[in-house]
Amino acid sequence: MNNIDLLKKKILYRSKYRGRKEVELLLSNFVKKYINVFSIDELKQLHDLLNFDDDSLFKLYLNNKGEIKIPNNKVSDLLRNFKN
């Protein structure tokens, strides 16, 4: 198994097992849609994004203008505009 496959497995697992069901559904659907089209750099951005807490990610998705410290990049923009 190469490093990309290992990273993808970590991303898939982290997207499905969060603690908050709404965020699990959102992230698992988002990951399923994009995981096989992202470049290695985008996969790393996604992995970093999944390290944020559920509340911050949900606020990002809902476009709440709070104190969100999530980096602005292609992956976070795609999540912000993601529709199932």
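**Helix H4**

I looked up helix H4 (residues 54-61) and found 6 of its 8 residues buried, so the helix is largely enclosed by the rest of the structure. Buried means under 20% relative accessible area, exposed over 50%, and partly exposed in between, with a 1.4 Å probe and protein chains only. Helices are DSSP runs (H or I, at least four residues), numbered from the N terminus. The buried residues of H4 are Asp54, Ser56, Leu57, Phe58, Leu60 and Tyr61. I then checked what covers them: H2, H3 and H5 are included. Contact here means heavy atoms within 4.5 Å.

**Ground rules**

I noted that this is a predicted model, where local features need pLDDT of at least 70 and side-chain atom pairs count only at pLDDT 80 or more, while totals for chains, interfaces and linings use all residues. Residues are numbered from 1 along each chain as its sequence is written, and side-chain values use heavy atoms, with hydrogens and water left out.

**H1 against H3**

Next I took helix H1 (residues 3-16) and helix H3 (residues 40-49). They pack at an angle of about 30°, with axes 10 Å apart. The axes are lines fitted to C-alpha atoms over the stretch in contact, and angles run from 0 to 180 degrees between N-to-C directions. H1 and H3 are therefore roughly parallel to each other. That label takes angles under 35 degrees. From H1, I listed Ile4, Leu7, Lys8, Lys10 and Ile11; they meet Ile40, Leu43, Lys44, Leu46 and His47 of H3. By class, this contact has 6 nonpolar, 1 polar and 3 charged residues. Ala, Val, Leu, Ile, Met, Phe, Trp, Tyr, Cys and Pro count as nonpolar, Asp, Glu, Lys and Arg as charged, and the others, Gly among them, as polar.

**Aromatic pairs**

I found 6 aromatic pairs in the structure. Rings of Phe, Tyr and Trp (its six-membered ring) pair if their centres lie within 6.5 Å; planes under 30 degrees apart are stacked, over 60 edge-to-face, and the rest tilted. Tyr13 and Tyr17 form a tilted pair, 4.7 Å centre to centre with 35° between the planes. Both Tyr13 and Tyr17 are exposed.

I turned to Tyr34 and Phe82. Their ring centres are 6.4 Å apart and their planes at 65°, so the pair is edge-to-face. Tyr34 lies in helix H2 (residues 21-34) and Phe82 in the segment after helix H5 (74-80), so the pair ties together parts 48 residues apart in sequence. Are these two buried or exposed? Tyr34 counts as buried at 16% relative accessibility, and Phe82 counts as buried at 3%. Ring pairs also link Phe30, Tyr34, Phe38 and Phe82 into a cluster.

Note on methods
Helix = DSSP H or I, 4+ residues; strand = E, 2+ residues; numbered from the N terminus. Parallel < 35°, antiparallel > 145°, perpendicular 65-115°, else oblique.
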